[in-house]
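My notes follow the structure below.

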Amino acid sequence: GDGSNIHLVNSSAAPFGDDDNDVSEYVEFILAEDGVQLHNSAKLEFAKVHEDKGLIECRIMKTLPMIAENTSDGPGIPRQVRKTFWVEQLILCNGRQPNTNGLDLATAGVELDGNGGIMVDEGCRSISAPHIMAAGDVTGRSGTTAIAENEARYAVEVMFSPEVASKPAFESASSVLNLATPIACVGMGEEEARRRQIPHVVAKVDLAHSTFGLIRKFGKVKRVPDEPDGQVVEDMDPREAAYKDLNLEPEPTEPLDEHQQGFVKILVCNDETQRLLGVRVAGDNAESIVQAAAVMIATKQHIRHLARAPGPYHSILEGVQECVRSVLGTSIHKVHVFPESQAYVRPYHPELEGMGVKEHDPVTGQVATEPLERGGRLKVPTWGE
């Protein structure tokens with residue numbers, strides 16, 4: 001947005017290769033809107049500083065989809081192309097490396113992993129030297145500040161007040177990516193649940209179709225001076241204007257793209273507990289939503305508690321509650337009414353996948369012959385039929 005030309009070279013096939021496609025696709029969309037050229041499945045092959053030009057010449061090699069699919073004769077042939085561009089600054093991001101060099105940890109019997117991280121158990125104790133505790137980046141397990149702080153607090157509690165020590169709830173750890181539109185995650189993603197063969201139901205709604213999104217979509221209002229020689233008009237958010245006694249009129253603005261509004265996606269355990277497993281939120285104040293979800297994940301509460309709790313109106317929380325109600329079959333958000341919407345309810349059960357059937361009712365357990373599109377309970381033949 002400031003006129004900069006940015007190239008982001010990513011060695012993975014997507015910005016978040018281990019997470020859901022929804023998240024990666026939205027990150028790519030937001031970066032593109034901000035003028036960032038993303039090069040996935042690519043690596044920096046060559047870089048040279050040209051002092052006479054004050055520029056750096058960069059050449060990348062990008063791997064494209066295979067020319068042919070895998071066959072009995074062998075794998076398909078990947079296509080590789082090279083691209084050269086010139087930049088003023090080059091920043092290399094190679095991740096974090098545990099800073100254990102020079103500590104002579106072997107003398108203390110502390111075993112390290114291949115990256116130099118201290119190998120610890122769930123209680124932050126060294127596996128090879130249980131009298132030593134380690135927390136944070138030095139273990140190489142996670143690079144987030146929140147987890148490092150919680151691990152350190154737990155280690156101190158174990159050492160000085162073991163009777164009150166409580167292990168950090170890593171399954172409910174949350175994170176936020178502060179782009180132009182924030183993206184926040186907590187708990188398990190859909191791809192991880194499938195890899196672990198966990199029966200689940202996933203629901204997604206577009207925030208553009210919530211009250212919060214509709215107000216954002218139609219722009220702002222402007223304050224009109226009461227007197228002809230009044231002060232200059234000021235832009236104002238409709239939520240702020242609603243609580244003030246002002247002379248207002250609509251201000252024509254370019255409608256906000258519906259995809260820019262963001263989305264909410266939840267993952268629910270597909271059994272009688274119907275506990276929350278994970279949440280992905282893209283939108284303003286996304287980080288505040290996942291913290292509430294983290295509490296539900298850690299305490300293993302049924303999602304009905306979230307559906308019944310009156311939330312602030314109007315806010316991004318509406319999207320979370322509509323997702324929950326979609327799973328419970330009580331949502332007013334009907335996917336078939338908005339065919340252009342990217343919303344869905346998608347059940348998954350590992351036993352059905354091998355039989356070519358992937359959709360089934362999360363409540364009754366009935367098998368669906370068609371994808372679950374309209375929410376609620378499926379009226380389809382059962383196995384006995």
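I began with the second largest pocket: strand E1 (6–9), helix H1 (21–33), strand E2 (36–39), strand E3 (42–50) and strand E5 (79–87) each give at least two residues to its lining. Helices (H or I, at least four residues) and strands (E, at least two) are DSSP runs, numbered from the N terminus. The largest share, four residues, is from E1.

I noted that this is a predicted model, where local features need pLDDT of at least 70, side-chain atom pairs count only at pLDDT 80 or more, and totals for chains, interfaces and linings use all residues. Residues are numbered from 1 along each chain as its sequence is written, and side-chain values use heavy atoms, with hydrogens and water left out.

I looked up the volume of the second largest pocket and found about 1,100 Å³. Of its 34 lining residues, His7, Leu8, Val9, Ile91 and Cys93 are closest to the centre. I sorted the lining by class: 21 nonpolar, nine polar and four charged. Here Ala, Val, Leu, Ile, Met, Phe, Trp, Tyr, Cys and Pro count as nonpolar, Asp, Glu, Lys and Arg as charged, and the others, Gly among them, as polar.

A pocket, on a 1 Å grid over the protein atoms alone, is an open set of points where a 1.4 Å probe fits, with protein on both sides within 12 Å along at least five of seven lines; lining residues have an atom within 4 Å of a point. Points are joined across faces, edges and corners, and the volume is the space filled by probe spheres set on them.

Next I turned to the largest pocket, about 1,300 Å³ in volume. It is lined by 42 residues, with Asp19, Ser142, Thr144, Ala173 and Ser175 nearest its centre. Strand E6 (174–177), strand E7 (183–187), helix H3 (190–195) and strand E13 (276–282) are the elements that give two or more residues to this lining. I listed 17 nonpolar, 11 polar and 14 charged residues there.

**Loop residues**

I checked Leu92, in the loop between E5 and helix H2 (145–160). Leu92 counts as exposed because its relative accessibility is 60% (buried is under 20%, exposed over 50%, partly exposed in between, with a 1.4 Å probe and protein chains only).

Which residues other than glycine have a positive phi? I found Cys124, at about 70 degrees, and Gln197, near 60 degrees. Cys124 sits in the loop between E5 and H2 and is buried, at 0%. Gln197 lies in the loop between H3 and strand E8 (200–206) and is partly exposed, at 41%.
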